Every structure is written in C-alpha cells, then in structure tokens.
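Hi everyone, thanks for coming.

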Amino acid sequence: MALLKSDVSNPLGTLVATESQGLASSVTQIDDSGGTIYQIEINNSGNQSDVYLKLYQGSGNTPTVGSTAPDHIIKCLSASTVSVAYPDGLAYTVALFAAVVSGSGGTEGTTDPTGTVKYSIRYTT
C-alpha cells in the first residue's frame with residue numbers, strides 16, 4: 001500500500017504519515033529532512049506475533065533492514081495496538097525511514113509479519 005501523508009491541525013504534529021506494511025524488506029521514506037515526531041501508533045491486530053517498528057535516520061542511502069542499525073525501535077504485542085507519545089518530541093536531523101519486522105527487533109531482525117501492520121506517525125518538519 002502507498003504511503004499517505006496528510007496535513008492536520010493538531011498539537012501532536014501537523015503532518016501524519018500512515019502506512020500499511022507487510023514486508024520487512026520494505027523500507028518506507030517518511031520524510032526527506034529533519035523534524036520532530038510527537039506520536040506513533042502501531043496496529044498489529046492482524047498478527048499472532050509481536051512486531052517491531054524500526055525507525056532510521058539517513059541521508060543519501062535507504063537503510064537496509066537486517067544490516068543498518070535502527071535509531072529507534074517500538075514493539076507492538078501480537079493482536080494489539082500500541083500508541084507512544086513524545087510530549088517534548090523525538091527529533092530527527094535528516095531523512096526518516098521506517099520498516100516493520102516480526103521475530104527480532106534488533107538490527108538483525110528481517111522476518112516479514114504474517115499479516116499487514118498499519119502504523120501512523122505524527123510529526124512536524
């Protein structure tokens with residue numbers, strides 16, 4: 001599914017990136033410059049395994065799942081939804097990328113989720 005970006009008037013961020021992803025090897029570019037993340041929501045209701053949203057900062061090259069170390073990892077338990085708020089913001093200084101994996105959340109994790117995982121990131125640039 002294609003990345004959907006929306007402008008919103010909200011104290012949690014003026015931009016929302018929403019993606020449905022089922023392939024661990026699929027890295028999505030969320031933003032192409034620095035900004036601040038205020039909230040992340042992950043919907044893993046379609047999976048019986050835990051998943052991990054990996055966030056990467058990068059300039060020039062798209063990160064490689066399994067060999068590029070993520071800058072931030074958020075775990076979402078099986079068949080559930082998690083929402084994480086950053087009241088003071090989680091800053092990133094260059095392009096922001098995201099990928100979803102199951103199995104292991106560390107750098108080495110590359111396993112595809114068995115079903116689609118939907119995530120939303122509220123941020124400003």
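When I say two residues touch, I mean contact, that is, heavy atoms within 4.5 Å. This is a predicted model, so local features need pLDDT of at least 70 and side-chain atom pairs count only at pLDDT 80 or more, while totals for chains, interfaces and linings use all residues. Residues are numbered from 1 along each chain as its sequence is written, and side-chain values use heavy atoms, with hydrogens and water left out.

So, what does Ile37 touch, leaving aside residues up to four places away in sequence? Its partners are Leu55, Tyr86, Gly89, Leu90, Tyr92, Leu96, Ile121, Arg122 and Tyr123.

Ile37 also belongs to the largest nonpolar core, which has 20 residues. A nonpolar core is a set of buried Ala, Val, Leu, Ile, Met, Phe, Trp, Tyr and Cys residues joined through side-chain atoms within 4.5 Å; buried means under 20% relative accessible area (1.4 Å probe, protein chains only). Ile37, Ile40 and Ile42 touch the most other members. Several strands (DSSP runs of at least two residues, numbered from the N terminus) supply at least two residues each, including E2 (15-21) and E4 (35-43). The most come from E9, with 4 residues. Another core, of 7 residues, lies apart and includes Tyr52 and Val65.

Now the sheet. Strands pair if DSSP finds at least two bridges between them. Here 4 strands form an open sheet, in the order E3-E8-E5-E6, with antiparallel pairing. E3 (28-31) and E6 are the edge strands, each pairing on one side only. E3 and E8 are joined by 3 bridges, and Asp31 stands opposite Leu96 in E8.

Definitions and conventions: Buried means under 20% relative accessible area, exposed over 50%, partly exposed in between (1.4 Å probe, protein chains only).
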